[in-house]
Each structure stands twice: as C-alpha cells, then as structure tokens.
Amino acid sequence: MAKLLFLETATQVCSVALADGDQLLALKESESANSHSSLLTTFIQEVISEAGMKLKDLDAIVVSKGPGSYTGLRIGVSTAKGLCYSLEKPLIAVNTLQSLAAGMKNKTMPDAENVLFCPMIDARRMEVYTAFFDADNKEIKATSAQIIDENSFADLLKTHQIHFGGDGAEKCKDVLAKNKNAIFIDDFRISAKDMIEIAAAKFEQNQFEDVAYFEPYYLKDFIAGMPKVKGLR
C-alpha cells in the first residue's frame, strides 16, 4: 500500500496527515489564524516521527489544490512541490471541495435517498466557493463562486436533501435553513485525512501532477486591498 503525506492549507485550518493505504497513521491540526507558514513543516516532521518513518519512505505527496485562501494555498503547494523535488516523489492534487464533501459524508452517513453534499468555503461577504457532490463523491455541479441568497439552489432543494458544511456554510444558515431539505452540519471542519480515499485512488491510477507547472486552483484572482492615501477619505 502507498504511504502518502497529505497537506491541507486551503482555509484557516492547517492540517497534515500521514496514511498507509486507507489507514490513517498520524494527524496534526490547528485552527490558529495565519499559522500555516509556522506550523506546516513542524506538523510534517511530527507525523513522520509519530509513524516511525522517514520522508524518503513516502510514495507520494498529496496537496489540497483549492479553491480557498490565496496565501494558504500558495504555502501548501510550494511546500508540497519542494518535498516532491527533494525526495523525487510524485505529486497528487485533490480538489478542496471534493475533500470537504468526503468528510461531510463520513461525518453524517445519511441514509436518505437523493442526498447531495454542498461544501462551502468562505469567500467575501455572502460569497462562497462551492460545488455539489453525490453520495459517491462524484461532482454533479461544478466548482464556482456563488453569492448566496434565499433563492440559491432552489431547484435542487425541491428534489434533494442537501447537506451543507464547511467554513462558508455557517453564514448561509439563516438564509437557507428555512427549507426543510437544507441540512447544516455543525462543528465540521476541513481535514487532511478526508483526502485519503480520493488520493489513494489517484495513486493507483497514476494520476500525478506535473510538479514544474502545477499551480493552485485559486478560482478567482487575488485582489489585494488598496493602500489608504493619507489625507483622502
């Protein structure tokens, strides 16, 4: 079985996991804001040590590719690429929303028919990065940036029970929860361990990225705040 290292930095959570096939060997996580640059390499060293392994024992590096935080994704991908180059290991990239959907299913295990999972990553104001996945973790509505209002996803909510989760879901709860088919998963956060099943399948199918040219999936261009000019309002 493949020994894979997982890096998740697409949101405020900094999460690192180590797995042998589908067996989780070690996991380190923190929700401290702006901690990725200071914690990521430490967490990598800790999970490797906890499993009694060395970095050279890894078969591939797995990274959450986005969408998500511009800075977080940049830190995660640059670290993953650095490991791939230094260890001469392949790179596997996992859609962050697909990983979230997998974690949502594992947490809720719904038995209702016509269930969909709608992971949400916080963007700005009432905007979220989102997509829809079925119970088999297959994408049925492509990743997009959506501004949420009371009419969002109305057609799907008529025919499906939709589970919403992720750091963008909480702000949408008051708007969407009036619909009986809208189920919100509270106390759910993104985790590197939720990439395990997806990445293991990609490894078996040799679905690797070109390390030299791989870039995070930002979805939207990074827009820096304009500096204030003294004397202007």
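A residue counts as buried when its relative accessible area is under 20%. Keep that cut-off at hand for these exercises on a predicted model.

**Exercise 1.** Decide whether Ser15 is buried or exposed, and find what surrounds Ser15.

*Solution.* Start by locating the residue: Ser15 belongs to strand β2, which covers residues 14-20. Next, take its relative accessible area, which is 0%. The cut-off for buried is under 20%, so Ser15 is buried. Now look for its neighbours, leaving aside residues up to four places away in sequence: Ser15 touches Phe6, Leu7, Glu8, Leu27, Lys28, Glu29, Ser191 and Ala192. Finally, check the side chain, where Ser15 has a polar contact of 2.8 Å with the side chain of Glu29.

**Exercise 2.** Describe how helix α1 packs against helix α2.

*Solution.* First the geometry: α1 (residues 36-50) and α2 (residues 70-87) meet at an angle of about 35°, and their axes are 10 Å apart. The crossing of α1 past α2 is right-handed. Then the residues: α1 contributes His36, Ser37, Leu40 and Ile44, while α2 contributes Ile75, Gly76, Thr79 and Leu83. Sorting these by type gives four nonpolar, four polar and no charged residues.

**Exercise 3.** Compare the span of helix α3 with the expected value, then inspect what happens at its ends.

*Solution.* Helix α3 (residues 96-108) has 13 residues and reaches 19 Å from first to last C-alpha, close to the expected 18 Å. Just after the helix, Met109 adopts a positive phi of about 45°.

Terms used
Residues numbered from 1 in each chain as written. Predicted model: local features only at pLDDT ≥ 70, side-chain atom pairs only at ≥ 80, totals over all residues. Heavy atoms only, no water. Axes fitted to C-alpha atoms, helices over the stretch in contact; angles between N-to-C directions. Helix = DSSP H or I, 4+ residues; strand = E, 2+ residues; numbered from the N terminus. Left-handed = near helix turned anticlockwise from the far one by under 90°. Contact = heavy atoms within 4.5 Å. Nonpolar A, V, L, I, M, F, W, Y, C, P; charged D, E, K, R; others polar. Buried < 20%, exposed > 50% of the residue type's maximum accessible area, 1.4 Å probe, protein only. Polar contact = N/O pair within 3.5 Å; in protein donor to acceptor, adjacent residues only side chain to side chain. Expected span 1.5 Å × (residues − 1).
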